[in-house]
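Hello,

Here is the structure you asked to have handed over. Please look through it first, then read the notes below it.

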Amino acid sequence: MDNRAEVRDFLVSRRANIAPQQAGLPDAGNRRVPGLRRGEVATLAGVSIEYYAKLERGAIAGVSASVLDALARALQLDDAERAHLFHLAHAADGTSAGMRPRRRPAKRWTPRPSLQWVLDRFTAPAIVRNGRMDLLAANHLGRAMHATLYDTAPDGCPNFARFTFLHLDAAHAFYPDWDTAADTCVAILHTEAGRDPHDKDLHDLVGELSTRSDAFRRRWSAHNVRAHGAGTKRFHHHNVGDLELAYESVDLVSEPGLSLTLYAAEPASPTAHALDLLASWTATQADTDQFGAATNAATCGEDRP
């Protein structure tokens, strides 16, 4: 991805989101475009308009942390947006390349036995994914919960983004709040693109989805990013019905670039009963056709250091 273009589009989109009144500025006259003018951002950030215009053209390499902080304050960036701005700056000056682990392209990633043991100790759904939204590993209940995704991935390695935008009937059935799920998915991909702009597989995925999905292309052009740490999600499982699950996501220190997501239901809630039913159904399947063996055996095309 063109880092300069990404910087330009991100700054322009954030500037367009801030009304003058939000920044404590008078709304003087008609504006040809929404949001703040370049000169207003420059004033708020304490830099010259010429310097800010240069930054907005994408020339962000070598910019100091203090200037980036000033831009973040002027544009009222949230934590995820501020981190994205710093990632873009690091990518522009090459420092992000030195922070990425070396990868051996020919190796396909398989969860270590100890990681799979950890996953399988959880009685609630648990999954591992990367920043490209590949679903790389799961425990038995996590796989059962995402059975619809696995059904759309003949190679056994589903991708949340492809599922969300290219398998619309199944995705709309699985996500009652499809628009929210779609927005979140694209924001995570944009965050990853800022963090690792040289990821060829991510380039290819974004190109594929941009070509095949108008809904994805519109969302990608909005340049929204987010930190996906905790919250509540709603799902509809074809066997047990509606699920409302809290989730917590944590980065795996031992596997850079991967995150572990744990789901949980409110005790004694309808979702908790539905998960119990799903767990019972999964156990029956494992007894009859060794359902769980596929979970442990699956490998995905995630190059690892």
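Which residue of β2 does I127 stand opposite? I127 stands opposite A138. Helices (H or I, at least four residues) and strands (E, at least two) are DSSP runs, numbered from the N terminus.

Before the rest, some notes on the source. This is a predicted model, in which local features need pLDDT of at least 70 and side-chain atom pairs count only at pLDDT 80 or more, while totals for chains, interfaces and linings use all residues. Residues are numbered from 1 along each chain as its sequence is written, and side-chain values use heavy atoms, with hydrogens and water left out.

**The hairpin**

Strands β1 (residues 126-130) and β2 (residues 135-138) run antiparallel and are joined by three bridges; two strands pair if DSSP finds at least two bridges between them. Four residues lie between the strands of this hairpin. M133 is found in that loop, and its phi is near 75 degrees, a positive value in a residue other than glycine. M133 has a relative accessible area of 6%, so it counts as buried (under 20%; exposed is over 50% and partly exposed in between, with a 1.4 Å probe and protein chains only).

**Another positive phi**

A268, in the loop between β5 and α15 (270-289), has a positive phi near 65 degrees. A268 is exposed because its relative accessibility is 66%.

**Two helices in contact**

The axes of α5 (residues 79-93) and α12 (residues 178-195) come within 7 Å and cross at roughly 35 degrees. Axes are lines fitted to C-alpha atoms, for helices over the stretch in contact, and angles run from 0 to 180 degrees between N-to-C directions. The contact (heavy atoms within 4.5 Å) is made by H84, H87, L88 and A91 of α5 and H190, T191, G194 and R195 of α12.

**A residue in α3**

K54 is placed in helix α3 (residues 49-56). Its relative accessibility is 41%, so K54 counts as partly exposed. The C-alpha atoms of K54 and R8 are separated by 9.6 Å, and the two residues are 46 residues apart along the chain.

Regards
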